[in-house]
Each structure stands twice: as structure tokens, then as C-alpha cells.
Amino acid sequence: MDKRVEIAPRKNLLSIMIPVYNEANTLGAVIDRVRAVPVQEGVHKEIIVVDDGSTDGTEAILRKLKDDGIRVVRHPQNRGKGAAVRTALDHAAGEWALIQDADLEYAPEDYPELIAPFLRDPAIVAVFGSRFLGNIEGMKLPNFIANKLLTWFTNLLFHSRITDLCTGYKLYRTETVREIPLVRDGFDLEHELTAKLLKKGCNIVDVPITYTGRDVSAGKKVRWTDFFINIKTLLKYRFSGI
């Protein structure tokens, strides 16, 4: 495993963190789109891919990418998306850090809209790409209801105004996030982080994005049981210390 980055976050650098688990069918296309999209004038990109113990040929794809200017870190065994994101944060050298899934549900072409609030207001700590403010295609009704309920529950607990808690596009100010102890290994790491940011009174804003959903047959890994895990995580960090 690569060593953790110890330098201070580099100004005007966006660290794009891509957690990967068995996404050989889509990873190459995602990387190509991430590379191609411009962010904002004066803003540069670095790409950090964390292979979370893939067994489907993803590792072979990443070996080629590692020699092409992309930082690749591998977990020998699958530990969960949250663990992969935490590893990526350890290696992020940018002023901002963005979670980019390795499938094709989210469009890298939305990067300019995601980064724009940071360039306007230095007080912003996180920007969430809201599917419900933008364009949604292919989201199943149970997922729609679960997303809406989790967002409503979060706003109730923390008196916030988030419109899409479960979005896969979350962009953070790296230095602030690194100050927060994170422990969750699963999908609920993002709920843990959101809860801890809201408890600290951090400024989170939403911007519209485009979303094209996929189902389990296409590789979607979130399951109905994650809904209850997320509820438990939100309650835990609302009523416990940071």
C-alpha cells in the first residue's frame, strides 16, 4: 500500500477519490470521462483509485492505469466502501476531495457545478450533488422512497436542509474532513461524516446533478438492509460525541 500523504492540501487541486469493488465493466469508461472533463479554470485534478479487494479483473485494469499518472491503492480483502473512502482520504493531496463511484450512475460532466460553490464562498465545507434538484433516470421506486425518508430523517435530527442525503456525489474541503475521526467501513460512512459535519455546524450546500440509476443485475451494491444501518448510524452520531 502507498504511504499516506503528509503534505498540506494543495490549493486549487481537486482529489477525485474512486472506491472500486468489482467494476471491471465500467471502470475504464469512468476513468476516461473523469480525465476528459474540465473542472474550472485554474483548478487541477488528481485521481486516486482504491481497489477494495476486487476479484473480477479490476486489478489488472488498474495495473495499467497506475503507470498512466493515476494513484492506485489496493485493499487485499474487501472491507467496504467506507473503508475505501477513508483510505483515499489518507492519500488525497487536493484542497477538495470528491467521491466518484466507479459505475456510470453519476456524470463527471457535473464537476464544474460541484466545485463552483467552493470558489464563490470559502466558508463552505461540503457540496452535495442533489439528484432531486437535477435530472433522475432509472431510479426504482423503493430507492426513491428510501432516499427521501433518509433525507427527511436527517433534516429532522439535525435541523438541516439537505435535499439528497444519499447522493453518491459529495465534495468536501479536505482539511476539514481530515480533522473528523471516521470509523465506519460500509456505505454508512457518508452518513457518519454528514452527521459529524452537521453537528459541528459546517456549511453544506446542494447543487443539481444528473443521475442514471442501475439495478442489482447491473452491479448495484446497496441493499435494502443498508436503509436500517443508515438510520442506526444517523441516530448514533446525533446523540453521541464526535
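Asn12 is partly exposed, with a relative accessible area of 28%, where buried denotes under 20% relative accessible area, exposed over 50%, and partly exposed the range in between (1.4 Å probe, protein chains only). The structure is a predicted model, in which local features need pLDDT of at least 70 and side-chain atom pairs count only at pLDDT 80 or more, while totals for chains, interfaces and linings use all residues. Residues are numbered from 1 along each chain as its sequence is written, and side-chain values use heavy atoms, with hydrogens and water left out.

Asn12 is placed in strand E1 (residues 10-20); helices (H or I, at least four residues) and strands (E, at least two) are DSSP runs numbered from the N terminus. The phi angle of Asn12 is positive, near 65 degrees, in a residue other than glycine. A positive phi is also found at His159, which is not a glycine and has a value of about 55 degrees. His159 lies in the loop between H5 and strand E6 (170-173) and, at 69% relative accessibility, counts as exposed.

Helix H5 comprises 18 residues (residues 141-158), which at 1.5 Å a residue should span 26 Å; the end C-alpha atoms of H5 are 26 Å apart, in agreement with this value. The expected span of a helix is taken as 1.5 Å times one less than its number of residues. H5 is followed by His159, with its positive phi near 55 degrees. The buried residues of H5 are Asn147, Leu150, Thr151, Phe153, Thr154, Asn155, Leu157 and Phe158. Strand E5 (124-137), helix H7 (189-199) and helix H8 (225-238) are among the elements that cover these buried residues of H5.

Two packed helices are described by the angle between their axes and the distance between the axes. For H5 and H8, the axes come within 11 Å and cross at roughly 10 degrees. Axes are lines fitted to C-alpha atoms, for helices over the stretch in contact, and angles run from 0 to 180 degrees between N-to-C directions. H5 and H8 are therefore roughly parallel to each other, since angles under 35 degrees count as roughly parallel, over 145 as roughly antiparallel, 65 to 115 as roughly perpendicular and the rest as oblique. On the H5 side, the contact (heavy atoms within 4.5 Å) is made by Ala146, Leu149, Leu150, Phe153, Thr154, Leu157 and Phe158, and on the H8 side by Phe227, Asn230, Ile231, Leu234, Leu235 and Arg238. By class, the contact of H5 with H8 has 10 nonpolar, two polar and one charged residues. In this classification Ala, Val, Leu, Ile, Met, Phe, Trp, Tyr, Cys and Pro count as nonpolar, Asp, Glu, Lys and Arg as charged, and the others, Gly among them, as polar.

Helix H7 is mostly covered, with 10 of its 11 residues buried. The buried residues of H7 are Leu189, Glu190, His191, Glu192, Leu193, Thr194, Ala195, Lys196, Leu197 and Leu198. H7 is followed by Gly201, whose phi is positive, near 80 degrees. Leu189 is one of the residues in contact with Val85, together with Met17, Pro19 and Ile99, when neighbours of Val85 within four places in sequence are left aside. Val85 belongs to helix H3 (residues 81-91) and counts as buried at 4% relative accessibility. Val85 and Ile16 are 69 residues apart along the chain, and their C-alpha atoms are separated by 11 Å.

Gly94, in strand E4 (residues 94-99), counts as buried at 0% relative accessibility. The C-alpha atoms of Gly94 and Pro9 are separated by 4.9 Å, although these residues are 85 residues apart along the chain. Not counting residues up to four places away in sequence, Gly94 touches Pro9, Arg10, Leu13, Ser15, Glu46 and Thr174. Ala36, by contrast, counts as exposed at 61% relative accessibility and is found in helix H1 (residues 27-36). Ala36 and Glu109 are 73 residues apart in sequence and 8.8 Å apart in space, C-alpha to C-alpha.

The structure holds zero disulfides, a disulfide being a pair of cysteine sulfur atoms within 2.5 Å. Cys166 is in no disulfide, and the nearest cysteine sulfur, that of Cys202, is 19 Å away. For Cys202, the closest cysteine sulfur is in Cys166, and the separation of 19 Å is too far for a bond. Cys202 is buried, with a relative accessible area of 15%.
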